[in-house]
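Please open the model in your viewer and follow the stops below in order. At each stop, select the residues named and then read what is there.

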Amino acid sequence: IGGFYNCSGGSAPLPAIKSLWRGLEARGVHAAGFAVGWMDADQPVSVKQSGPAHRMFDKLSRYIDGSHTQYVLLHTRYATQGSTSKNGNNHPVCEHGFTTIHNGWVNNYEELMNDFEVQYGISRVNEVDSELLNVILKTESIETIAEEVDGPVSLAWIDNKNAPMQVNLFTNGLNPLVIARTKSNDIVWASTISILEASDFELDNWFHASPFKVYSLNPDGTITSKFISGNRREA
């Protein structure tokens with residue numbers, strides 16, 4: 001997973017965003033997708049398909065709208081559950097009122113999904129295990145993901161209804177996540193620092209995300225964070 005958050009108010013750096021997405025192909029080429037949040041929009045727009053990210057560069061170019069772009073979420077997929085030929089299984093996962101991109105898998109997917117279907121009357125839409133995270137965000141909270149999901153979770157998400165301009169980042173430490181501030185004061189993130197450093201973004205500073213802490217990227221340019229679990233793990 002990776003992405004860009006516009007804090008400077010300048011034009012979204014399309015070549016740098018493309019270079020970051022291309023670097024993420026090292027994490028998977030089975031499918032790719034992106035979500036774009038325009039300033040003051042009701043919710044993000046998501047585009048995805050099977051195949052590597054660079055085949056979608058022309059589509060990304062059509063949706064990046066200069067200084068009006070608040071954020072871009074980027075995903076490249078190494079499929080573990082759910083065929084990439086069914087586009088709903090690819091990321092961003094856009095179900096249940098949330099837009100999410102997930103690096104990892106859910107070992108107890110069937111058990112938890114069955115529980116949530118019975119408890120809340122929510123039916124799964126796709127086959128991909130990452131959809132469970134959307135279900136949990138809708139019905140309970142990120143705290144439940146931290147406490148109950150068995151498997152690696154590095155996650156970026158948008159609450160489409162309540163906070164469409166805010167990007168939230170989380171990892172339970174079983175897959176990496178790095179957050180950086182650019183020299184132009186924008187925010188970028190990716191699975192590894194090597195991917196960020198190889199991109200065309202000029203980094204000012206960066207840090208490994210602390211496991212079990214939620215980082216929220218806000219339109220005023222701030223990053224707010226808080227631990228949401230008593231669990232701890234080394235970054």
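**Stop one: a salt bridge within a helix**

Select Asp 58 and Arg 62, which form a salt bridge with their closest N and O atoms 3.3 Å apart. A salt bridge here is a side-chain nitrogen of Lys or Arg within 4 Å of a carboxyl oxygen of Asp or Glu. The two residues are four apart in helix α2 (residues 57-63), and are therefore separated by about one helical turn. Helices (H or I, at least four residues) are DSSP runs, numbered from the N terminus.

This is a predicted model: local features need pLDDT of at least 70, side-chain atom pairs count only at pLDDT 80 or more, and totals for chains, interfaces and linings use all residues. Residues are numbered from 1 along each chain as its sequence is written, and side-chain values use heavy atoms, leaving out hydrogens and water.

**Stop two: helix α3**

Next, select residues 109-120, the twelve residues of α3. Tyr 109, Leu 112, Met 113 and Phe 116 are buried in α3 (under 20% relative accessible area, with exposed over 50% and partly exposed in between; 1.4 Å probe, protein chains only). These four lie on the same side of α3, because they cover an arc of only 100 degrees around the axis, taken from the directions from the helix axis to the C-beta atoms. On the other side, Glu 111, Val 118 and Gln 119 are exposed.

Finally, select Glu 117 and Arg 124, a salt bridge with its closest N and O atoms 3.1 Å apart. Salt bridges that share partners join Glu 110, Glu 117 and Arg 124 into one network.

Terms used. Expected span 1.5 Å × (residues − 1).
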